[in-house]
Amino acid sequence: MPNLDDILEYIGEFDLFQKRTFFLICLLSAAFAPIYVGVVFLGFIPEHRCLNPGVAELSSRCGWSLEEELNYTVPKGKTSGEVLTSQCLRYNVNWNASDLSCTDPLEGLASHWDISNISLTTCQDGWVYDSSVSSIVSEFNLVCEDSWKLDVFQACVNAGFFLGSVTVGYIADRFGRKTSLLITSLVSSISGVLVALAPNYLWSVIFRFMQGLVSKGSWTAGYILITEIVGPGYRRTVAILYQAAFAFGLLILDVVAYAIPHWRWLQLAITLPTFLLLLYYWCLPESPRWLISQGQNGRAMEIVDNIAKTNGKMLPAQIESIILEEGNEDGEKLSPSIFDLVKTPQIRKFTFILMYNWFTSAVMYQGLIMYLGVAEGNVYLDFFYSSLVEFPAALILILTIERIGRRYPWAVANFVAGIACLATAFTPDDMLWLKVTLACLGRLGVTMAFEMVCFVNTELYPTFLRNLGVMVCSSLCDLGGIISPFVVYRLAEIWHDLPLVVFTLVGLIAGGSVLLLPETKGRTLPETIEDVENFHQYHTSQLN
């Protein structure tokens with residue numbers, strides 16, 4: 001009996017049916033972008049200073065401009081040789097006193113005419129924020145001693161990714177790709193609305209965590225579904241373009257965030273449209289490969305008939321049923337174990353290298369995007385430029401992976417990302433054009449590396465261990481996402497460009513580790529552990 005790939009050769013590997021399905025599922029990929037990196041705008045850190053009771057009245061009485069008010073009433077701090085307005089301290093002064101002068105209100109309080117001797121205190125009465133933008137930072141005062149709470153806000157969604165991957169993966173394997181996609185899309189949409197309605201910081205973190213539990217699983221279910229209904233000659237291209245659709249979501253997020261500078265309305269604006277994904281119930285098919293794995297060949301053949309009719313092709317009359325594509329010659333059912341990932345030398349090496357590269361890709365990818373929120377440029381323009389580079393990244397991969405291979409483009413991508421980050425860190429701020437160009441080059445490299453690890457991971461494990469291997473290795477991606485906000489926001493307080501130096505180090509190590517992996521171009525997928533351990537002989541036999 002023919003298998004599904006054989007049938008797709010007759011009815012179309014990527015014709016009208018698959019193209020229409022691919023377009024619909026790409027909407028899901030685009031909708032995932034605001035969840036993954038929306039913290040750049042939701043957690044934007046506006047200019048702020050301590051609230052000084054009585055200063056507003058004194059400023060009004062004296063007729064000060066804003067610049068004069070800041071100069072007279074806000075202490076200055078020395079940082080890297082630059083005079084910066086203090087954001088976490090204020091003068092310990094009673095500004096309601098009637099004897100304060102309008103020309104120099106601190107004159108009588110400073111000893112020896114040195115205002116640096118005036119005692120300082122914390123912002124115990126709150127802060128004053130730039131009113132042009134509203135974020136969770138300004139609403140919940142996530143600054144100074146509470147600045148770490150912004151890190152937690154982003155880390156919790158990645159913690160949700162990590163904990164939810166196993167559950168959602170089980171739902172997809174047990175109840176189907178389409179069912180999993182619909183359930184996770186619904187829960188993600190509801191959780192997104194609850195984030196916008198959260199009464200306080202704690203509830204926003206809880207709802208954000210709930211969204212993380214299901215949203216990545218929804219994206220993954222879409223990824224699996226589209227790759228399972230196209231022919232083998234189009235799977236890698238479709239997988240890359242599905243991830244490129246994520247970049248469209250980034251551009252849409254940037255435009256909406258610019259138009260809606262209030263975080264609650266922004267959260268609603270990017271969440272409410274996702275309820276339309278529930279129309280997938282009528283628009284998308286179930287994966288015929290999953291139906292085959294469940295012994296539902298009848299339903300699978302109905303979908304195959306629909307694909308043939310939509311593509312204008314005829315299903316050969318002799319094809320009555322489909323068999324599973326994968327299995328071993330002895331008919332023995334192999335049960336994967338997590339110990340199989342480290343039991344033999346080659347697979348153990350692959351596992352550790354892949355885990356590190358998943359971790360590094362997430363740290364660098366999310367970190368570089370979040371770094372835009374603490375950079376001194378225009379966050380909307382910087383985000384726009386960095387999002388655009390995802391499209392040439394996808395194009396370069398499509399043009400190179402089947403011509404040059406996987407290993408060298410992947411390693412070069414990591415090296416480019418690491419070197420570009422280092423160059424960006426030491427480029428003078430007055431050379432803004434060069435700094436932006438280098439930063440975009442870094443984003444290009446890490447985007448390529450991220451997309452490469454996604455599908456190379458599947459090519460290095462034997463069939464019975466493949467799903468478990470991808471699940472375990474990619475879990476390090478979520479751990480990297482948990483760590484990345486702490487790397488960006490905390491290290492930037494020590495030195496503004498220190499996160500870029502860290503990205504350089506981990507990127508260069510990742511590039512070197514990739515060179516230790518075998519090339520998978522032109523080889524069929526291994527079926528057993530022995531195939532992997534004897535890769536060179538196995539590869540040679542496949543070419544003969």
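**Cavities, core and salt bridges**

In this predicted model, the second largest cavity is lined by Phe41, Phe44, Val133, Ser134, Ala257, Ile260, Pro261, His262, Trp263, Leu266, Val379 and Tyr380. By residue class, the lining of the second largest cavity holds 10 nonpolar and two polar residues, with no charged ones. Its volume is about 60 Å³.

The largest cavity contains about 190 Å³ of space. Its lining is made up of 19 residues, and those closest to the centre are Ala31, Ile35, Ser188, Gln211 and Thr274. Helices α2 (16-37), α8 (177-197), α9 (201-228) and α11 (263-271) each contribute at least two residues to the lining of the largest cavity. Here the classes divide into nine nonpolar, nine polar and one charged residue.

The packing of nonpolar side chains comes next. The largest nonpolar core comprises 132 residues, and Tyr36, Phe383, Trp410, Phe450 and Phe503 have the most contacts inside it. Helix α15 (residues 345-374) provides the largest share of this core, 14 residues. Leaving aside residues up to four places away in sequence, Tyr36 touches Gln154, Asn158, Phe161, Phe246, Ala362, Tyr365, Gln366, Phe450 and Cys477. Another core, of 10 residues, lies apart from the largest one and includes Trp64, Trp95, Leu106 and Ile118.

Charged side chains pair up as well: the whole structure has 14 salt bridges. In one of them, the side chains of Asp125 and Arg90 meet at 2.9 Å, N to O. This pair links distant parts of the chain, 35 residues apart, with Asp125 in the loop between β5 (120-122) and β6 (127-129) and Arg90 in strand β4 (residues 89-91). Asp125 counts as partly exposed because its relative accessibility is 38%. Arg90, at 7%, counts as buried.

A second salt bridge joins Asp340 to Lys343, with the closest N and O atoms 3.0 Å apart. Asp340 has a relative accessible area of 7% and is therefore buried, whereas Lys343 is exposed, at 53% relative accessibility. Between Arg406 and Glu402, the closest N and O atoms of the salt bridge are 3.5 Å apart. Arg406 is buried, with a relative accessible area of 2%, while Glu402 is partly exposed at 41%. Finally, salt bridges link Asp151, Arg490 and Glu493 in a network.

Definitions and conventions
Residues are numbered from 1 along each chain as its sequence is written. This is a predicted model: local features need pLDDT of at least 70, side-chain atom pairs count only at pLDDT 80 or more; totals for chains, interfaces and linings use all residues. Side-chain values use heavy atoms; hydrogens and water are left out. A nonpolar core is a set of buried Ala, Val, Leu, Ile, Met, Phe, Trp, Tyr and Cys residues joined through side-chain atoms within 4.5 Å. Buried means under 20% relative accessible area, exposed over 50%, partly exposed in between (1.4 Å probe, protein chains only). Helices (H or I, at least four residues) and strands (E, at least two) are DSSP runs, numbered from the N terminus. Contact means heavy atoms within 4.5 Å. On a 1 Å grid over the protein atoms alone, a cavity is a set of points where a 1.4 Å probe fits but cannot get out, and a pocket is an open set with protein on both sides within 12 Å along at least five of seven lines; lining residues have an atom within 4 Å of a point. Grid points are joined across faces, edges and corners, and a volume is the space filled by probe spheres set on the points. Ala, Val, Leu, Ile, Met, Phe, Trp, Tyr, Cys and Pro count as nonpolar, Asp, Glu, Lys and Arg as charged, and the others, Gly among them, as polar. A salt bridge is a side-chain nitrogen of Lys or Arg within 4 Å of a carboxyl oxygen of Asp or Glu.
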